[in-house]
Amino acid sequence: MEELHSETQKAEPEPLSPKIIGLTGGIGSGKTTVAKFIEDFGFPVYYSDERAKDIVNDNEDLRIKIKEILGEEAYDENGSYNRKFVAEKVFNNADLLEQLNKIIHPAVRIDFEDWVKKQTKYLVFKETALLFELKLNRECYKSVLVTAEDNIRIKRVMDRDSKTYREVQAIMEKQMPEKDKIKLADCIIYNNTNLEDLKEHTEKVIFDIE
């Protein structure tokens with residue numbers, strides 16, 4: 001049998017790129033719980049905030065740049081990223097926070113892109129607290145917001161982190177208002193009741209994404 005000429009041979013189809021879904025929510029919203037449900041449903045989730053913690057420790061260039069803007073105390077005596085010090089340093093300093101974000105987020109973006117290339121599902125989820133603040137939703141096929149009433153979110157964080165009402169309120173005031181996030185989100189998951197309802201609502205929202 002004669003071999004087919006190369007020009008008549010069909011090329012292998014390029015694998016389809018997965019659709020990137022941005023997943024976000026303010027403090028106490030239940031965003032991480034929803035992310036775990038999504039994994040239970042069989043979809044991969046990239047935890048931006050968790051990966052950022054690893055990257056600032058592992059990337060020597062980032063370490064140098066962070067120390068340049070925040071000082072040597074940005075890393076503790078063991079050489080680990082001093083999250084408590086950094087959080088306190090940037091909490092009331094928008095300029096420092098912006099500088100820090102400009103250093104960390106490009107590195108996280110590259111890490112995420114490498115992660116996406118390894119995925120095989122038709123949907124992948126990018127969990128990040130700053131989806132709308134950094135306009136990352138523009139890079140996503142759809143955005144999903146996990147939200148809850150303010151008083152419920154405050155109580156959750158008080159119970160979880162042993163913070164006072166005023167402390168939680170101060171953190172929430174630094175975040176984008178929920179009403180603004182709701183306007184920007186393509187899909188909304190309300191988390192005002194219990195875990196059973198939350199999982200059911202999450203499943204409906206996720207599998208309705210086309």
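The protein exposes about 13300 Å² of surface, of which carbon and sulfur atoms supply 49%. The model described here is a predicted one, and of its 210 residues 38% count as buried. Along the principal axes, the C-alpha atoms fill a box of roughly 80 × 45 × 30 Å.

Nine helices and five strands make up the secondary structure of the protein, and their order along the sequence is β-α-β-α-α-α-α-β-β-α-α-α-β-α. When contacts between residues at least 6 apart in sequence are considered, 69% of them join residues that are at least 24 apart.

Helix H1, which comprises residues 31-40, has as its buried residues Lys-31, Val-34, Ala-35, Phe-37 and Ile-38. Seen down the axis of H1, these buried residues fall within an arc of 160°, so they line one face of the helix. Such a pattern can be read against the geometry of the α-helix, which has 3.6 residues a turn, so that residues three or four places apart point the same way. Just after H1, Gly-42 adopts a positive phi of about 100°.

The largest nonpolar core contains 31 residues, and those that touch the most other members are Ile-66, Leu-70, Tyr-81, Val-86, Leu-100 and Ile-104. At least two residues of this core come from each of helix H2 (48-58), helix H3 (60-70), helix H4 (83-91) and H5, and H5 gives the most, with nine residues. Leu-70 is in contact with Phe-85, Val-86, Lys-89, Val-90, Leu-96 and Leu-100, when its neighbours within four places in sequence are left aside. Apart from this core lies another, of 20 residues, which includes Ile-21, Val-34, Phe-125 and Ile-189; Val-34 is also one of the buried residues of H1. In soluble globular proteins, nonpolar side chains tend to be buried together.

With neighbours within four places in sequence left aside, Asn-101 is in contact with Pro-106 and Leu-130.

Val-168, found in helix H7 (residues 165-174), is likewise buried, with a relative accessible area of 0%. Not counting residues up to four places away in sequence, Val-168 touches Ile-154, Val-157, Met-158 and Lys-163. Val-168 and Ile-20 are separated by 148 residues in sequence, and their C-alpha atoms are 31 Å apart in space.

Positive phi values also occur in residues other than glycine, among them Lys-135, whose phi is near 60°. Lys-135 lies in the loop between strand E3 (123-127) and strand E4 (142-147), and at 42% relative accessibility Lys-135 counts as partly exposed. Ser-162, which is not a glycine either, has a positive phi of about 55° and is placed in the loop between helix H6 (150-161) and H7. With a relative accessible area of 67%, Ser-162 is exposed.

Methods
Residues are numbered from 1 along each chain as its sequence is written. This is a predicted model: local features need pLDDT of at least 70, side-chain atom pairs count only at pLDDT 80 or more; totals for chains, interfaces and linings use all residues. Side-chain values use heavy atoms; hydrogens and water are left out. Helices (H or I, at least four residues) and strands (E, at least two) are DSSP runs, numbered from the N terminus. Buried means under 20% relative accessible area, exposed over 50%, partly exposed in between (1.4 Å probe, protein chains only). Contact means heavy atoms within 4.5 Å. Accessible areas come from the Shrake-Rupley method with a 1.4 Å probe; for residues, only the protein chains shown count as cover. The arc is that of the directions from the helix axis to the C-beta atoms. A nonpolar core is a set of buried Ala, Val, Leu, Ile, Met, Phe, Trp, Tyr and Cys residues joined through side-chain atoms within 4.5 Å.
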